[in-house]
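Dear colleague,

Please find below the structure that I am handing over to you.

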Amino acid sequence: MTREEIEREIADLESYIKYKQDSIDSTLARYGSGVRPGWVSADLSIDGAHIANARRQIKELQSKIEAETQQ
């Protein structure tokens with residue numbers, strides 16, 4: 001991957017994180033944090049896992065950029 005491709009991938013992942021966080025915020029605004037349908041908790045958990053995975057991917061990509069810079 002070129003540096004530009006890595007930077008674009010990072011930007012895409014950051015947009016994806018924002019989209020998922022907005023989804024979580026919307027769901028919480030609608031159903032709150034108390035008693036709610038089981039699928040709501042499942043969706044929140046899945047979205048949270050997707051965000052964590054995207055953040056991990058960003059860190060890996062940033063490491064590639066740093067490695068390139070040090071060479």
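This is a predicted model: local features need pLDDT of at least 70, side-chain atom pairs count only at pLDDT 80 or more; totals for chains, interfaces and linings use all residues.

The chain contains 2 helices and 0 strands. Its C-alpha trace spans about 55 × 15 × 15 Å along the principal axes. The radius of gyration of the chain is 16 Å, whereas a compact globule of 71 residues would have one near 11 Å. Of these 71 residues, 21% count as buried.

How do the helices pack? Helix 1 covers residues 3-31 and helix 2 covers residues 38-70; their axes lie 9 Å apart, at an angle of about 160°. Angles over 145 degrees count as roughly antiparallel, and helix 1 and helix 2 are therefore roughly antiparallel to each other. Their crossing is left-handed. Sorted by class, the residues in the contact of helix 1 with helix 2 are 16 nonpolar, 8 polar and 9 charged.

As regards aromatic side chains, the count comes to 1 aromatic pair. The pair is formed by Y31 and W39, whose ring centres are 5.4 Å apart. Because the planes of these rings stand at 80°, and over 60 degrees counts as edge-to-face, the pair of Y31 and W39 is edge-to-face.

With kind regards

Terms used: Residues are numbered from 1 along each chain as its sequence is written. Side-chain values use heavy atoms; hydrogens and water are left out. Rings of Phe, Tyr and Trp (its six-membered ring) pair if their centres lie within 6.5 Å; planes under 30 degrees apart count as stacked, over 60 as edge-to-face and the rest as tilted. Axes are lines fitted to C-alpha atoms, for helices over the stretch in contact, and angles run from 0 to 180 degrees between N-to-C directions. Helices (H or I, at least four residues) and strands (E, at least two) are DSSP runs, numbered from the N terminus. Angles under 35 degrees count as roughly parallel, over 145 as roughly antiparallel, 65 to 115 as roughly perpendicular and the rest as oblique. A crossing is left-handed if the near helix is turned anticlockwise from the far one by less than a right angle, and right-handed if clockwise. Ala, Val, Leu, Ile, Met, Phe, Trp, Tyr, Cys and Pro count as nonpolar, Asp, Glu, Lys and Arg as charged, and the others, Gly among them, as polar. The radius of gyration is taken over C-alpha atoms; the globule rule is 2.2 Å times the number of residues to the power 0.38. Buried means under 20% relative accessible area, exposed over 50%, partly exposed in between (1.4 Å probe, protein chains only).
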